[in-house]
Amino acid sequence: MPKVVFKIDQSKPMRDQEVPGHNRWHPDVPVAEMVRPGDEFRMECREWTDAQIGDNDSANDVRDVDLTVAHVLSGPIGVEGAEPGDLLVVDILDLGAVPQQVGEAPGQGWGYTGVFAKANGGGFLTDYFPDAYKAIWDFHGQVATSRHLPGVRFTGITHPGLFGTAPSADLLSSWNRREQTLIDTDPQRVPPLGLPPLADNAVTGTATGDVAQRIAAEGARTVPARENGGNHDIKNFTRGARVFYPVHVRDAKLSGGDLHFSQGDGEITFCGAIEMGGYIDFHVDLIKGGMEKYGVTTNPLFMPGNVEPRYSEFLSFIGISVDHDTDTNYYLDATVAYRRACLNAVEYLKRWGYSGEQAYLLLGAAPIEGRVSGIVDIPNACCSLYLPTAIFDFDVRPNAKGPASQDRGQCAVTS
């Protein structure tokens, strides 16, 4: 087993760990441990909400989750010799749920998928599903099943939702400025257009005093992906993947977490993956001056992993950039098109006895494939959602007899 450079006690919140991580991006978060180019090491992680969600049949915890806590990140891990302008080469060697443990924290033999309430985070289909819902998943090796979604069993593509390097002071200032400008266009929107810096519940690693206060006041929230990497939620960022991260500060300061047992493309419920704590093993290296050499300034580069389930048959649901509820056409809008593909899949699954909420949860958690299929044929963009048929224990394909609707139970709901 590689050396553990960041250790987690799953019975304690992140701020109470022997070496706490952090939940804001800031260049001054102190390095927790140093490694060298060529090193292999393990980082242990908490579930992204710091284990606010329980293994139960109520979605009240999802409804009431405190998002000022998220995401709790392990790190930063400094890489000796890394300087601004380099590329940090990160290989995922292995990852998984918390090894050989059962318990109350997500990742200890179980995980969850949540639909966040519109008033507290929302999701891709929040106007159609404004309330909070939840599905608990049990882990059986590489396979997940759920008492809240009977009739479904699939192999997960385990991956981290979030890893990245620390921003420079200038880059952080740019994030905060441009995101506040966006928020100011509709400051009362629910859910909001963005999440500005917030000192409440900020965890600042081992920083103390004035440094900790500055990190809390200025640090960027970790919800979106940005130029440093961050919350990409790419399901194929798994074993065998390689990522080239831009380095913006000395030592690079690699941090992350938000581990997923499985996820569908888009993570459409916002908490759409099967969320868990666990571990991840890395190998790191450096390409000196790599940002200039390869023109990488505003994004990491990514090579997908080589481990995934072999699903070969799919039902593909199509969406175009038309809001059929209002009969409104949008110009080449892939967001509208993918939303419609998701809604079409939800309506189809309802014919087999699933509630709309169950179908929504399933599309967030199962390894569906989302694709931009056409983006040039004016006025309609076309997106597609590929749903593996083999994940069901019944034949979900259309047939002459019609769908065999059955009682499929229900997901966890709010009281």
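Tutor: Before we start, two strands count as paired here if DSSP finds at least two bridges between them. Helices (H or I, at least four residues) and strands (E, at least two) are DSSP runs, numbered from the N terminus.

Student: Got it. And what kind of model is this?

Tutor: This is a predicted model, where local features need pLDDT of at least 70, side-chain atom pairs count only at pLDDT 80 or more, and totals for chains, interfaces and linings use all residues. Residues are numbered from 1 along each chain as its sequence is written, and side-chain values use heavy atoms, with hydrogens and water left out.

Student: Okay, how many helices and strands does the protein chain have?

Tutor: The protein chain has six helices and 23 strands. Its radius of gyration is 21 Å, close to the 22 Å from the globule rule for 415 residues, so the chain is as compact as a globular protein of that length. That radius is taken over C-alpha atoms, and the rule is 2.2 Å times the number of residues to the power 0.38.

Student: What box do the C-alpha atoms fill, and how much of the chain is buried?

Tutor: Along the principal axes, the C-alpha atoms fill a box of roughly 65 × 50 × 40 Å. Buried residues account for 56% of the 415; buried means under 20% relative accessible area, exposed over 50%, and partly exposed in between (1.4 Å probe, protein chains only).

Student: And the contacts, how far apart in sequence are the partners?

Tutor: Taking contacts between residues at least 6 apart in sequence, 80% join residues at least 24 apart. Contact means heavy atoms within 4.5 Å.

Student: Let's do the sheet. What order do the six strands come in?

Tutor: The order is β1-β3-β16-β5-β13-β17, in an open sheet with mixed pairing. β1 (3-6) and β17 (301-303) stand at the edges with a single partner strand each, so one side of each has no neighbour in the sheet. On average, neighbouring strands of this sheet are turned by 30° against each other, direction ignored. The axes behind that angle are lines fitted to C-alpha atoms.

Student: Can you walk me across it from β1?

Tutor: β1 and β3 pair in the parallel sense over three bridges, and Val 4 has Arg 42 as its bridge partner in β3. Next, β3 and β16 pair in the antiparallel sense over six bridges. Here Arg 42 turns up again, with Asp 281 as its bridge partner in β16.

Student: Then what joins β16 to β5?

Tutor: Ten bridges do, linking β5 (residues 87-97) to β16 (residues 278-287), and the two strands run antiparallel. For Ala 97, the bridge partner in β16 is Gly 278.

Student: What does the Ser 74 side chain reach?

Tutor: The backbone oxygen of Glu 44, at 2.6 Å. Ser 74 itself is buried, at 0% relative accessibility.

Student: Switching to helices: what covers the buried residues of α6?

Tutor: The cover includes β6 (110-115), β7 (133-140), β9 (153-155), β15 (270-276), α5 (334-350) and β22. Nine of the ten residues of α6 (residues 356-365) are buried, so the helix is largely enclosed by the rest of the structure. Tyr 360 and Leu 361 are among those buried residues.

Key. Axes are lines fitted to C-alpha atoms, for helices over the stretch in contact, and angles run from 0 to 180 degrees between N-to-C directions. A polar contact is a pair of N or O atoms within 3.5 Å; within protein, one must be able to donate a hydrogen and the other to accept it, and residues adjacent in sequence count only if both atoms are side-chain atoms.
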